[in-house]
Number of protein chains: 2
Amino acid sequence: MPRPEIVMSTPHRALHLASRPEGLPKDSDFELRESAPAALADGQIRIAVKFLSIDPAMRVWMTEAKSYWPPVGLGEIMRSAGIGEVVESKNEKFPVGVWVSGMTGVQDQLVSDGKGMQRFDAQRLPHPGWALSVFGATGLTAYFGLIEIGTPKAGEVLVVSAAAGAVGSNVVQIGKALGMRVIGIAGGADKCAFVKDTLGADEVIDYKNEKISDAIKQHCPDGIDVYFDNVGGEILDAVLKRLKLRARIVLCGGISQYNATGETRGPANYLSLISARGKMEGFVVIDYLHRAEEAITAMAPWVQAGKLTSKLDIVEGLPNFAEALRRLYTGKNFGKQLVQI
Amino acid sequence: MPRPEIVMSTPHRALHLASRPEGLPKDSDFELRESAPAALADGQIRIAVKFLSIDPAMRVWMTEAKSYWPPVGLGEIMRSAGIGEVVESKNEKFPVGVWVSGMTGVQDQLVSDGKGMQRFDAQRLPHPGWALSVFGATGLTAYFGLIEIGTPKAGEVLVVSAAAGAVGSNVVQIGKALGMRVIGIAGGADKCAFVKDTLGADEVIDYKNEKISDAIKQHCPDGIDVYFDNVGGEILDAVLKRLKLRARIVLCGGISQYNATGETRGPANYLSLISARGKMEGFVVIDYLHRAEEAITAMAPWVQAGKLTSKLDIVEGLPNFAEALRRLYTGKNFGKQLVQI
């Protein structure tokens, strides 16, 4: 006997990519569409999406550029990581009431067979959103990028850009937990105070109010061993001038360039890599997702000990997705940017 | 009893750095000075310099930029590697008649205590100048840059810029000897024919007559594993767009940028390193000089087997040093650029 179909009382609302943005994403680059919720087949679950993770890479997915994932097609639901609660289930691995994280898309609900969805215990976290920050791709990016590409040693000098941001704030704290001397770069007095006082960076540089190259020279008189780069642009160039011998640049992102409508600004000082025998290496977290347990095992004690905390910046409502993106790309977010649905 | 001083019949002639060049070095950036030859003290030798090695890095030494060596000071004798014959000796390790290579400077003779000078058997080489090409820093640069930074595997795709040049021509041949598929980039029909017919590259791209990005796409349909970069600029950017997963860029030089009077052109496509998980790593041969024997042992059989040859481009006369430099920086040289004295 087939089970009776369950019809949701609320329509399925999703943001579809309507046009490829030029510069900063506009509200009109997305179209909100409503539809009747699909019925569940055997093995499927319905997830009520609660929070979306707003990530720098989203700007890349919206272009036609070949990346580690294909572009989001025009008319398709915008791609996003998210977390939600199972509200209806025909899959015994995911009973009603459990929380899951995965690629939910920018929508308020979805039907899934559970593949690629991870259950997590929302009760044990200070906030369910931590499953998208420290214990999500954000935290894994910080952990594996620093450990695998940065190959950090205690006592070395670590510079982190976007240090108040989601990944950067984790990198700062992991660097400190590993005994490094950490210089964070952030924009504005509030973020800088957060980086130094809450995250524990040894020094902080306010890129909006200081001359980057002078400040780096001042705080890194003997040069830089590891640079965790989230932004590219002028900061990357300033760092390149101050590399120590065999310095490592973890190329994690280039948020300063993602919305550039002209040509990307290449790092003019890249030839410093020669005299420093330095390397600049690209890094994508999906290569390390199968080692998530290893990172979580390493980070959990730091969280317990108060060495690793996470600040969330929450925008409410699906229609405010584009605004959340703009907050991220203009540096208005303060902590891990989420959208609450 | 002090030995009597020996007075050379010819004056000591040397080129001194007179001004730091802007753009291409001019004749007037150097001053030819003559002086009475110094007498030898015990333990010293007089070397009659026969050939100077004209190297891309010279342009960097002439600036005030911090590099792996300090800048040449204004008024100092211009730095150069060279080879010569011992013509007078108070050091039994270097009897009259032996050939030596080392940092001779741009001069026709020098007095040395022998430190940093290597003896070599000029008779066993096709031309003594090979001690400055395959068996000099040029060959070591090609060998260690490719092996240590490029970590090449048989069957992988290797792209080499300045492939008809001193280092590049060695890299092409070593790549072939290691079983790689090699695409050389050179300027003009003659050089391209040399790269393909003499050096044995699988494909060659004429950067003066072809659109680099199209040609790379055509010849590397599945992308590039290793890029040995001697030039930077447009070619580096074109390569960055076609990287295979975990590609390695050996950053050996950026000759297209050394004479730039404006800002260096940074590689605008550097963010491709992220999606490719690629690395770009700087390399300086002096880190490997202590392993010279290892490279020579590996390369000698290739030379014997005709797999590794060297083309010399010889300009005559100390006063033509600046012209030899200009030949190098404008790509007019065809093979390893030397100055014969």
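A salt bridge is taken here as a side-chain nitrogen of Lys or Arg within 4 Å of a carboxyl oxygen of Asp or Glu. Between chain B and chain A, 4 salt bridges are counted. One of them joins the side chains of Arg246(A) and Asp287(B), at 3.5 Å from N to O.

The model is predicted, so local features need pLDDT of at least 70 and side-chain atom pairs count only at pLDDT 80 or more, while totals for chains, interfaces and linings use all residues. Residues are numbered from 1 along each chain as its sequence is written, chains are lettered from A in the order in which they are written, and side-chain values use heavy atoms, with hydrogens and water left out.

Turning to the interface as a whole, 34 residues of chain B are in contact with 35 residues of chain A (contact means heavy atoms within 4.5 Å). The area buried between the chains is about 2,500 Å², with carbon and sulfur atoms giving 64% of it; buried area is the accessible area (1.4 Å probe) that two parts lose on being put together, summed over both. On the side of chain B, Tyr270(B), Ile274(B) and Arg277(B) lose the most area to chain A, together 27% of what that side buries.

Strand S13 takes part from both chains. S13 of chain A (residues 279–282) and S13(B) pair in the antiparallel sense over 3 bridges, where pairing requires that DSSP finds at least two bridges between two strands and a strand is a DSSP run (E) of at least two residues. Within this pairing, Glu281(A) stands opposite Lys279(B).

Terms used: Helices (H or I, at least four residues) and strands (E, at least two) are DSSP runs, numbered from the N terminus.
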